Amino acid sequence: MNRLLGGLGQIAGIVRSEDDAKAFLDRFSDQFGEHFSAENGTVTVQSISDETLGERSFYCYSPTIDGIPVVGSQIILSADRTGIVTSLSNSYNDAVYEADLSPAISAGEAEELACQALGAGQEASADASLV
């Protein structure tokens, strides 16, 4: 996990929306890898408020490949109530875009293996009960 703290909003601007977060990340795209583009993912936002830190918004960028989310690879921006970015944490892995996404087996073979694993075609026991 990489983390940058403080003053980032002064470098790249203010973040108040998902689109602002994508623009912010694109300004630092060279820091994330050659394949990074904020358009290759989704940004969700969650806002919280507490007495100590005040109102904060967290923008979570999750990359996708062919519309499928990449698990375990994300970037999180934290912004205060005025939109100034106060931290950036990431576990983004640019190497996922180099992965071979070719299926190892056909859809039919996958279905057959799944049915075998689940015991399809076997008769249910008369004394079976749902727990």
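Phe-32 and Phe-36 are both buried, a word that stands here for a relative accessible area under 20%, with exposed meaning over 50% and partly exposed lying in between, as computed with a 1.4 Å probe on protein chains only. For Phe-32 the relative accessible area comes to 11%. The two rings have their centres 4.9 Å apart and their planes at 50°, so the pair is tilted; rings of Phe, Tyr and Trp (its six-membered ring) count as a pair if their centres lie within 6.5 Å, and planes under 30 degrees apart are called stacked, those over 60 edge-to-face and the rest tilted. Phe-32 also forms an aromatic pair with Tyr-92, which is edge-to-face, at 6.1 Å centre to centre and 75° between the planes. Because Phe-32 lies in helix H3 (residues 29-32) and Tyr-92 in the loop between E6 and H4, this pair ties together parts that are 60 residues apart in sequence. Tyr-92 is itself buried, with a relative accessible area of 10%. The structure holds six aromatic pairs, and ring pairs link Phe-32, Phe-36, Tyr-61 and Tyr-92 into a cluster.

The model is a predicted one, in which local features need pLDDT of at least 70 and side-chain atom pairs count only at pLDDT 80 or more, while totals for chains, interfaces and linings use all residues. Residues are numbered from 1 along each chain as its sequence is written, and side-chain values use heavy atoms, with hydrogens and water left out.

Seen as a whole, the protein chain has four helices and six strands, where helices (H or I, at least four residues) and strands (E, at least two) are DSSP runs numbered from the N terminus. Along the sequence these elements follow the pattern β-α-α-α-β-β-β-β-β-α. Of the 131 residues of the protein chain, 28% count as buried. Contact is taken to mean heavy atoms within 4.5 Å, and among contacts between residues at least 6 apart in sequence, 43% join residues at least 24 apart.

Helix H2 (residues 18-27) has as its buried residues Ala-21, Lys-22, Phe-24 and Leu-25. They cover an arc of only 160° around the axis, which puts them on the same side of H2; the arc is that of the directions from the helix axis to the C-beta atoms. On the other side of H2, Asp-19 and Arg-27 are exposed.

Asp-94 is buried yet has no salt bridge, and Lys-22, the nearest side chain of opposite charge, is 15 Å away. Here a salt bridge is a side-chain nitrogen of Lys or Arg within 4 Å of a carboxyl oxygen of Asp or Glu, and Lys and Arg count as positive and Asp and Glu as negative, while His and the chain ends are not counted. The side chain of Asp-94 does make a polar contact of 2.9 Å with the side chain of Tyr-92, that is, a pair of N or O atoms within 3.5 Å, of which, within protein, one must be able to donate a hydrogen and the other to accept it, residues adjacent in sequence counting only if both atoms are side-chain atoms. Leaving aside neighbours within four places in sequence, Asp-94 is in contact with Phe-32, Gly-33, Glu-34, His-35 and Phe-36, two of which, Phe-32 and Phe-36, belong to the ring cluster.

Among the strands, Ser-57 in strand E3 counts as buried at 11% relative accessibility. Its side chain makes a polar contact of 2.9 Å with the side chain of Ser-47, and the residues that Ser-57 touches beyond four places in sequence include Val-45, Leu-77 and Ala-79. Asp-66 lies in the loop between strand E3 (54-65) and strand E4 (68-69) and is exposed, with a relative accessible area of 71%. Most residues other than glycine have a negative phi. Asp-66, although not a glycine, has a positive phi of about 50°.

Asp-80, in strand E5 (residues 75-80), counts as partly exposed at 22% relative accessibility. The side chains of Asp-80 and Thr-82 are joined by a polar contact of 2.7 Å, and, not counting residues up to four places away in sequence, Asp-80 touches Glu-55, Arg-56 and Thr-86. From C-alpha to C-alpha, Asp-80 and Val-15 are 9.1 Å apart in space, although 65 residues separate them in sequence.
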